[in-house]
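Please study the sequence and the three-dimensional structure shown here before reading on. The paragraphs below then lead through them step by step.

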Amino acid sequence: MSALRDLYQQVILDHNRNPKNFRVMQDATRSIEGYNPLCGDHYTVYVRMEGDVIADVSFTGAGCAISKASASVMSSVLKGKTLAEAEGMFQDFHGLVTGVPSSEDGMERLGKLAAFAGVSEFPARVKCASLPWHTLHAVLDGKSRPITTE
Amino acid sequence: MHTTTVHSGKAGTSAMTGNADQAGRDLLERFEAVRGCRHHFPLLRRRVNGKPLVYFDNAATSQKPQVVIDATIRYYEEENSNIHRGVHYLSERATQAYEGVRVKVQHLLNAAHQREIIFVRGTTEGINLVAHSFGRTAVGAGDEVLISAMEHHSNIVPWQILCEEKGAKLCVIPINDRGEIELAEYEKLLTSRTKIVALAHVSNALGTINPVKTMVAMAHAHGIPVLLDGAQAVPHMKVDVRDLDCDFYVFSAHKMFGPTGVGVLYGVTKLLDQMPPYQSGGDMIKSVTFEKTIYNDLPYKFEAGTPNIGGGIGMGAAIDYINEIDLASLAEFEHELLVYATQGVAEIPGLRIIGTAREKAAVLSFVIDGIHPHDIGTILDDEGIAIRTGHHCAQPVMQRFGVPATARASFAFYNTKEEIDVFLAALHRVREVLG
């Protein structure tokens, strides 16, 4: 039960119910689709870049509570970050949900992303949490073809 | 714990008494006997996440009774040897045991001949064999292969690949909102271009039991052969391939209380004889020179290489087990579980059952408004309940019903109403956890 409460933390439940930045971005400079063919989670992540800075992030799509909350939290923490900062957060987040936290500094930088720490206890759900991040990573890499978790 | 074993031949006696009370008592007695079989399955005694395991993922794979586990161990401890090769004692013993399983399968399916029973890795390989071997020779440009809208990916993709290769067309029989085949549409799709019909006997995602005997007859009226995917049928009902009159029937041992990695393709001699080999190598040949190879007779023509001997022997033990228990009582009992669970989930707010066919196996696929099946699966797992969540390798079925995925509880005779109560209580908790 406590592992389950760690997974479904209040922050995650709130973001699932009322996701932030859940909209199509008309003036996006880049966007890409990401999906998990095993469970049908499917999102589009939009980004508006201003030089090296992520000026805006939004997403649309559907999936489980973990993936939707992950996309929502991701979109709110990345606004105003540089590409290098975003890359660092991607690595930190990946370490967090796979149970190999990068460094203490990294854990501090995570801020409210730390709510996803409980995911590491549920190996089957790691892909749910990381799908939005992998999708964003592909956007920032300039990829245009949809990405999948498999 | 009960130690009763259900013996066959009891089903139907109650009807003859013409006495409702007596019939009711008979049914209770038979159900009691079915419940007694649970202890044959050692894994069901374990706990998961600190709770007694509730195993409701039987459509994915069934648990194994002790006799199957013992037979497999005994083979490796006492008889392990390669078959069809040696003159030595062990090889002869192993060959005898393995070939004995072929006879068991023949009787299980009521096939006319042993040679019509081909051992494969499972349902998927069985379908691939037919698609490659029969398909490549029978299907040409402009021809059609007919499947239904409720097929598992394993009964879609091999045909799709064949059609792409040959310039043929994959046609799909539509299903209604209950998840039943539209027979009138099916009739219209049977044409001179149709070279084979490939159908699920029972749908893994919806539980629908298809009217396959009627559908085989309809196809045969046009001279079209029919393959039936029996993966979900064989563990739950008596299958008689001659009564169904199908041309091919495939199933996996692991869904019928046997080991993984072994299964059966049944085919009528007339078609198998004409078909070229699927894989080639040892055991499928009579003689080999660098100029020419003469293929072996049926069934060995389709069995290249050393097979899964241990698995095959485990499958034989599973068939013995099924023969000892009364399949008719089991089917009735599973239906009772399905009805009980169906009534129970009706009280869960926002829950919708996907697949409400009038003829249905013990599969309960469902969605809950605003909650993704993955979250349902995780929360149930925390209570020790194993269900399947996702698209069940049947994405077109999900698309037909407009859902990305479903949660699926699938029952076997060793499940109980008490377990369904645990499952229902956990479903009530899902919304509580997700707030």
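Predicted model: local features only at pLDDT ≥ 70, side-chain atom pairs only at ≥ 80, totals over all residues.

Residues are numbered from 1 along each chain as its sequence is written, and chains are lettered from A and ligands numbered from 1 in the order in which they are written.

Chain A contains an open sheet of four strands in the order S3-S2-S1-S4, with mixed pairing. Strands (E, at least two residues) and helices (H or I, at least four residues) are DSSP runs, numbered from the N terminus, and two strands pair if DSSP finds at least two bridges between them. At the edges of this sheet stand strand S3 (53-62) and strand S4 (147-148) of chain A, each of which pairs on one side only. Within the sheet, S1(A) and strand S2 (residues 42-50) of chain A run antiparallel and are joined by six bridges. In this pairing, A:Tyr35 stands opposite A:His42 of S2(A).

Helix H3 (residues 65-78) of chain A packs on the sheet, where it touches S2 and S3 of chain A, and its direction makes about 165 degrees with that of S3(A). Two residues are in contact if their C-beta atoms, placed from the backbone, lie within 7 Å. Axes are lines fitted to C-alpha atoms, for helices over the stretch in contact, and angles run from 0 to 180 degrees between N-to-C directions. Helix H6 (residues 126-140) of chain A lies across S1, S2, S3 and S4 of chain A and runs at about 145 degrees to S1(A).

A:Asn21 is found in the loop between helix H2 (10-17) and strand S1 (30-35) of chain A. Its phi is near 55 degrees, a positive value in a residue other than glycine. Is A:Asn21 buried or exposed? A:Asn21 counts as buried because it has 20 C-beta neighbours inside 10 Å. A residue is buried if 20 or more other C-beta atoms lie within 10 Å of its own, exposed if 12 or fewer, and partly exposed in between, with C-beta atoms placed from the backbone.

In chain B, the domain assignment, which is automatic or from a database, gives domain 1 (22-52 + 327-434) and domain 2 (68-323). The C-alpha centres of these two domains of chain B lie 28 Å apart. Their contact takes 18 residues from domain 1 and 22 residues from domain 2 of chain B. On the side of domain 1, the elements that give two or more residues are helix H12 (327-345), strand S14 (363-368) and helix H14 (395-400) of chain B. By class, this side has 10 nonpolar, four polar and four charged residues. Ala, Val, Leu, Ile, Met, Phe, Trp, Tyr, Cys and Pro count as nonpolar, Asp, Glu, Lys and Arg as charged, and the others, Gly among them, as polar.

In soluble globular proteins, nonpolar side chains tend to be buried together. Here the largest nonpolar core has 166 residues, and those with the most contacts inside it are B:Val264 and B:Ala318. Domain 1 and domain 2 of chain B both give residues to this core, so it lies between them. A nonpolar core is a set of buried Ala, Val, Leu, Ile, Met, Phe, Trp, Tyr and Cys residues joined through C-beta atoms within 7 Å.

B:Val264 belongs to S10(B), where B:Val264 and B:Tyr266 point one way, B:Gly263, B:Leu265 and B:Gly267 point the other way, and all are buried. S10(B) pairs in the antiparallel sense with strand S4 (residues 117-120) of chain B over four bridges, and with S9(B), also in the antiparallel sense, over five bridges. B:Val264 is the bridge partner of B:Phe119, and B:Phe251 also stands opposite B:Val264.

Helix H13 (residues 373-382) of chain B is largely enclosed by the rest of the structure, because nine of its 10 residues are buried. Just after H13(B), B:Gly384 takes a positive phi of about 85 degrees. By contrast, B:His428, in helix H15 (residues 417-434) of chain B, counts as exposed, because it has 12 C-beta neighbours inside 10 Å.

Finally, the contact between the chains takes 15 residues from chain A and 14 residues from chain B. The side of chain A that touches chain B has 12 nonpolar, two polar and one charged residues.
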